[in-house]
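Visitor: I am new to this structure and would like to look closely at a single part of it. Please start from one residue and then widen the view step by step.

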Amino acid sequence: MEPLLKVDDLRTQFHTDAGLVNVVDGVSLELKKGEILGVVGESGCGKSVTSLSVMQLLPKDISKVASGSITLEGQDILAMSPSRLRKMRGNQISMIFQEPMTSLNPVFKIGDQIMEAIRFHMKISKKEAKVYAIEMLKKVGISRPESVVDEYPHQLSGGMRQRVMIAIAMACEPKILIADEPTTALDVTIQAQILNLMRQLQQEKGTSIMLITHDLGIVAQMCDRVVVMYAGQVVEETDVKSLFKNPKHPYTKGLLASLPQLSGNQNKLKSIPGQVPALDEMPTGCRFAPRCEFRMDECDTSKPNLLNVAENHTCRCYLYQKEEIPS
Amino acid sequence: MSTLLKVNNLIKHFPVTKGFFQKQVGAVKSVDGISFEIEEGETLGIVGESGCGKSTTGRALLRILEPTEGEVLFDGVDIAKLPKKELRAFRTNMQMIFQDPYASLNPRWTVQQVLEEPLITHGNLTKTEVKQRVTELMELVGLSPQQASRYPHEFSGGQRQRIGIARALALNPKFIVCDEPVSALDVSIQAQVLNLMKDLQQKFSLTYLFISHDLSVVKFISDRVGVMYLGKLVELSPTKSIFAEPLHPYTKALMSAVPIPDPEIKREQIVLSGDVPSALHPPAGCAFHTRCPVAMDICKTLVPKWSEVSGGRKVACHLYEQNHTKEEQGSCH
């Protein structure tokens, strides 16, 4: 089946004081219809920049997509005109952001902000749009939608604001929803509400979701497939069960081992020594090599490729060179 | 073990004023009458959602914020009533590690200066002794002493938090309030810092009050855990028993809401409806009754008592008040 969204060998560059750096370096991923794809990694691994590249929302003056391709149902997003992009955003692909506090405009009423998207994409009258906006608010579980449409963002709590963001994002029934750390700023009980809501919408409408998060617990609960990123590259990709049961890449293993568990007793956490390399000081070989406990000589000198280590399971590591299966 | 810190009915209200004469029209009841004890050498974890008053509690204990009412007995001395001058000297016993390693270090000071300051203010060490102590502290937290002349921006988040820890340790305190010390860090780095804190605790027999919103982190580091909701403690139990069998409905909901990093585990989730009410007008009776799945009529009017249920487990809930037989506990599931 042709994937809905296909990112191929994406390279996104930023101008920094240290010169031009590749923040995303050769990322390929696919989003199939109706699935929830998790993109995990720690800060600075390029997960958000990948999603901003897909939406073409990168700050133009300091960054650009240097090479690679992004296609939505076979159409090249990188070649789209600004007006074509505007038609795509919100209608075919929507995005919700981490900060529900700052992603709504403080000087416009909630209703106006939902109606803006509806009226732009659906060409319906103001009255109809308002009815539809109230309906959307009801759908995302806001208790008194009739009065909330006329309120301003500061009158709502964080959880309600994120619900409003979801209402805006889902208003035009997009095929793809990109959720960039949608619950990071929220408390756990509110996080549970929002995640349930996203899952429910996904099941009802068959929306594909690209869920960007650093929380492996959320990944385990929500996702079908997972892409693990480290320092701008994909290091492992597989279905969610294999990732947690049989992680391959030393980074994924280390990440899972360093989580404090809610069940069982732990006296000491396993941690990954050192820290993520700076963007302008990337190692010449494997980017994880300086922190890796299984490092070999070749890891320092040459870059490993993504290998097929099992069916639907790829991993960027020399340890599995012998085990590679032909694709 | 002896009790190091005993807190009696601690209250911190922030007045809300209005108009030209700053007339007080209300109060945000951030911490509304909590009592607990911390044993020497133990870690008491405090969990709760944003706005529940956990950070305010930590700050009021050290008198970074002046408590409105209540007693804080540290080794028998009431810190809450200590005159300013004595307090200053007394503070060498208690220190704090802050949440944001980016904001809690002066960007214009080198690490040397950051670590020197408490030593110069409180100790009477010679210049060489101070230098020696700084070297010692840096090695203790796993930093290279050669980095002492660097500025905070040259370090990563995890390293900055290590500097914050070294600063807290400088005067050999007995008690450290750790306010979300690993919340701003990535998991792999978080594990490093948590291990370090545990090692240091053993080495210097430190007592921690560990404030966090992350239940799994609290479980890892604490001996006992207190759960706060809207300015009050709702449950306080040894770590093992609270995670094995949470008593208060809020604790139950909180625990079931944490996503578990294992896709094979499918469990019943208690999803609370609505948001935390405002601390300006907390609900009458039990503050949790507006969201509680098992609320009864009595909860709406009567504040539940803070009482011991069994073996060192305290809870404030009407379900456990009259007699806490097993059958009754079962009925709230």
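Visitor: Is A:Ile178 buried or exposed, and how many C-beta neighbours does it have inside 10 Å?

Guide: A:Ile178 counts as buried, because it has 27 C-beta neighbours inside 10 Å; a residue is called buried if 20 or more other C-beta atoms lie within 10 Å of its own, exposed if 12 or fewer, and partly exposed in between, with the C-beta atoms placed from the backbone. This is a predicted model, in which local features need pLDDT of at least 70 and side-chain atom pairs count only at pLDDT 80 or more, while totals for chains, interfaces and linings use all residues. Residues are numbered from 1 along each chain as its sequence is written, and chains are lettered from A and ligands numbered from 1 in the order in which they are written.

A:Ile178 lies in strand E7 of chain A, which covers residues 176-180; helices (H or I, at least four residues) and strands (E, at least two) are DSSP runs numbered from the N terminus. Setting aside neighbours within four places in sequence, A:Ile178 is in contact with A:Ser51, A:Val54, A:Met55, A:Ile93, A:Met95 and A:Met210, where contact means that the C-beta atoms of two residues, placed from the backbone, lie within 7 Å. A:Phe97 is 81 residues away from A:Ile178 along the chain, yet their C-alpha atoms are separated by 8.5 Å.

The strand E7 of chain A belongs to an open sheet of eight strands with mixed pairing, in the order E6-E7-E8-E3-E9-E10-E12-E11; two strands pair if DSSP finds at least two bridges between them. At the edges stand strand E6 (93-96) and strand E11 (307-310) of chain A, each with a single partner strand, so one side of each has no neighbour in the sheet. Ignoring direction, neighbouring strands of this sheet are turned by 20° against each other on average. Helix H6 of chain A, residues 158-170, lies across E6 and E7 of chain A and runs at about 170° to E6(A); the axes are lines fitted to C-alpha atoms, for helices over the stretch in contact, and angles run from 0 to 180 degrees between N-to-C directions. Further along the sheet, strand E10 (residues 233-239) and strand E12 (residues 313-315) of chain A run antiparallel and are joined by two bridges, and the bridge partner of A:Glu237 in E12(A) is A:Thr314.

Eight strands of chain B form an open sheet in the order E6-E7-E8-E3-E9-E10-E12-E11, and its pairing is mixed. Its edge strands are strand E6 (94-97) and strand E11 (307-310) of chain B, each pairing on one side only, and the twist from one strand to the next averages 20°. Within this sheet, strand E9 (residues 224-229) and strand E10 (residues 232-238) of chain B pair in the antiparallel sense over six bridges, and B:Val225 has B:Ser237 as its bridge partner in E10(B). Two helices pack on the sheet: H1(B) touches strand E3 (43-47), strand E7 (175-179), strand E8 (207-212) and E9 of chain B, with its direction at about 150° to that of E8(B), whereas helix H5 (residues 157-169) of chain B touches E6 and E7 of chain B, with its direction at about 175° to that of E6(B). Helix H1 (residues 54-61) of chain B is largely enclosed by the rest of the structure, because eight of its eight residues are buried, among them B:Lys54 and B:Arg59.

A:Glu73, in the loop between strand E4 (63-72) and strand E5 (75-76) of chain A, has a phi near 45°, a positive value in a residue other than glycine. In chain B, B:Asp75 lies in the loop between strand E4 (69-74) and strand E5 (77-78) and has a positive phi of about 55° although it is not a glycine. A:Glu73 counts as partly exposed, with 13 C-beta neighbours inside 10 Å, and B:Asp75 is partly exposed with 15 other C-beta atoms within 10 Å.
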